[in-house]
Amino acid sequence: SQIAPSAPSLFAANSNGQGVAAAQALRVKSNGAYAYESVAVFDQDNRRLHPRPVALGAEGEQVFLVLFGTGIRHRSALTNVKATIGGIEIPVDYAGPQAGFVGLDQVNVKLPRTLTGRGEVDVLLTVDGKSSNVVKLNIN
C-alpha cells in the first residue's frame, strides 16, 4: 500500500462501513429557517439502522446531505471532490474538517430535486480520483 494525502472513507450508521450513511439532512426553508433531520431509522426487529426516507420538500426548500468520514481533508482542491448519489454526479459544497471533533471530516452536498422519488440509492465519494466505500440513502 502507498501512503496518499487523501484516502476517502464514509462512515456508516451501523459502524460497519456499509448500509445507511452516518449523515444528516439539513433542510433550509425558503424563509431561512433550518432543521437537521436523521437519515437513519432504527429497526427494532433486526436491531439495525436502515435508511429513513428524506423528502426533498416543496419548491424553494433546499436539502443538503451532511456526510461524515475520514481521509478527505487533505484533498488537493474542492473541485476534485465528487459525490455520486443514485448514479448522478453532484457538486460538493464543502469537504474538510468537521469543527466539533478532532480528526472527523465532513462533506456537504446539496441534493438536487432530480433525485425526488428515487428511493434507496448508493452514495459514493471520490477525492482526487480515489473512491470511498458505498453507503445508502433513501430519497422520497
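This is a predicted model: local features need pLDDT of at least 70, side-chain atom pairs count only at pLDDT 80 or more; totals for chains, interfaces and linings use all residues.
Read along the sequence, the protein goes β-β-β-β-β-β-β-β-β-β-β-β-β-β. That is 14 strands and zero helices. Residues are numbered from 1 along each chain as its sequence is written, and side-chain values use heavy atoms, with hydrogens and water left out.

Now the overall dimensions. Taken along the principal axes, the C-alpha atoms fill a box of roughly 45 × 40 × 30 Å. The radius of gyration is 15 Å, which agrees with the value near 14 Å that a compact globule of 140 residues would have. That radius is taken over C-alpha atoms, and the globule rule is 2.2 Å times the number of residues to the power 0.38.

What share of the 140 residues counts as buried? The figure is 39%. Buried means under 20% relative accessible area, exposed means over 50%, and partly exposed is in between, with a 1.4 Å probe and protein chains only. The accessible surface comes to about 7500 Å², and 52% of that belongs to carbon and sulfur atoms. These areas come from the Shrake-Rupley method with a 1.4 Å probe, and for residues only the protein chains shown count as cover.

Next, contacts, meaning heavy atoms within 4.5 Å. Among contacts between residues at least 6 apart in sequence, 62% join residues at least 24 apart.

On to charge. There are 13 positive and 11 negative side chains, and the centres of the two sets lie 2 Å apart. Lys and Arg count as positive, Asp and Glu as negative, while His and the chain ends are not counted. The place of each charge is taken as NZ of Lys, CZ of Arg, CG of Asp or CD of Glu.

Side chains of opposite charge can pair when their charged atoms come close. A salt bridge here is a side-chain nitrogen of Lys or Arg within 4 Å of a carboxyl oxygen of Asp or Glu. How many salt bridges does this rule give? The count is six. I will go through some of them.

Take Glu-37 and Arg-27, whose side chains meet in a salt bridge at 2.7 Å, N to O. This pair links distant parts of the chain, with Glu-37 in strand E3 (residues 34-38) and Arg-27 in strand E2 (residues 23-28), ten residues apart. Both Glu-37 and Arg-27 are buried.

Another salt bridge joins Glu-59 to Arg-113, with the closest N and O atoms 3.1 Å apart. Here the partners are 54 residues apart: Glu-59 is in the loop between strand E6 (53-54) and strand E7 (62-70), and Arg-113 is in the loop between strand E11 (105-110) and strand E12 (119-127). Glu-59 is exposed, at 66% relative accessible area, whereas Arg-113 is partly exposed, at 34%.

Then there is Asp-122 with Lys-136, where the closest N and O atoms are 2.5 Å apart. Asp-122 is in strand E12 and Lys-136 in strand E14 (residues 135-139), 14 residues apart. Asp-122 is partly exposed at 37%, and Lys-136 is partly exposed at 27%. Salt bridges that share partners also join Arg-27, Lys-29, Glu-37 and Glu-61 into one network.

Let me finish with a few loop residues. Pro-112 sits in the loop between E11 and E12, and it is partly exposed at 23%. Not counting residues up to four places away in sequence, Pro-112 touches Leu-56 and Ile-90. Its C-alpha atom is 9.0 Å from that of Phe-64, 48 residues apart along the chain.

In the loop between E1 and E2 we find Asn-14, which is buried at 18%. Leaving aside neighbours within four places in sequence, Asn-14 is in contact with Val-20, Arg-48 and Leu-49. Ser-15 lies in the loop between strand E1 (9-10) and E2, and it is exposed at 70%.

Most residues other than glycine have a negative phi. Ser-15 has a positive phi of about 60° although it is not a glycine. Arg-47 also has a positive phi, of about 55°. Arg-47 is in the loop between strand E4 (40-43) and strand E5 (48-51), and it is exposed at 56%.

Conventions: Helices (H or I, at least four residues) and strands (E, at least two) are DSSP runs, numbered from the N terminus.
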